[in-house]
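The entries below are in the order I made them.

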Amino acid sequence: MQTKIPYGKTALSFVLPKGHEGAIVTSNIDELKAEVSQEQLVKNAMAKPFGGKKLSELAVGKNNCVLIISDHTRPVPSKVILPSMLAELRQGNPDIDITLLVATGFHRATTDAELRAKLGDEIFESEKIVVHDAQDAS
């Protein structure tokens, strides 16, 4: 039986030996539907943070803020999440200096094209972005 498993932006194909068809567990996660948009889900979560203050409250009186974001290897919807976070921080402090630190760990550096795809044009062009380099001791 020919089988495909999602892998990154593609899929891995393999042949499942005869008699092992029940060995694969499938998910119906793609059938789950949110009642509101992704953007609204983010805003709702930020309006009621677990056990802490809102970002706008945390930003008051601060000079700078570093947001650690995932690199190109993680399927985090940063271009959906970050606009609300940035707006919330600037609501609390319009002058706060924000840096987006791309957490690459030991992965290769994220390219500009990958950052643009992950963050969207507006954030890529308007925000201060630093890509972590584990090989750079400085």
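These entries cover salt bridges and then a pocket.

Entry 1. I noted that this is a predicted model, where local features need pLDDT of at least 70, side-chain atom pairs count only at pLDDT 80 or more, and totals for chains, interfaces and linings use all residues. Residues are numbered from 1 along each chain as its sequence is written, and side-chain values use heavy atoms, with hydrogens and water left out.

Entry 2. I searched the whole structure for salt bridges and found five. A salt bridge is a side-chain nitrogen of Lys or Arg within 4 Å of a carboxyl oxygen of Asp or Glu.

Entry 3. I looked up R90, which forms a salt bridge with E127, with 2.8 Å between the closest N and O atoms. R90 lies in helix α3 and E127 in the loop between α5 (121-126) and β5 (128-131), so the pair links distant parts of the chain, 37 residues apart. Helices (H or I, at least four residues) and strands (E, at least two) are DSSP runs, numbered from the N terminus. E127 is buried at 14% relative accessible area, while R90 is partly exposed at 30%. Buried means under 20% relative accessible area, exposed over 50%, and partly exposed in between (1.4 Å probe, protein chains only).

Entry 4. I then checked R116, which forms salt bridges with D121, at 2.9 Å between the closest N and O atoms, and with E125, at 2.7 Å. Shared partners join R116, D121 and E125 into one network.

Entry 5. Which element gives the largest share of the lining of the largest pocket? I found that α4 does, with three residues.
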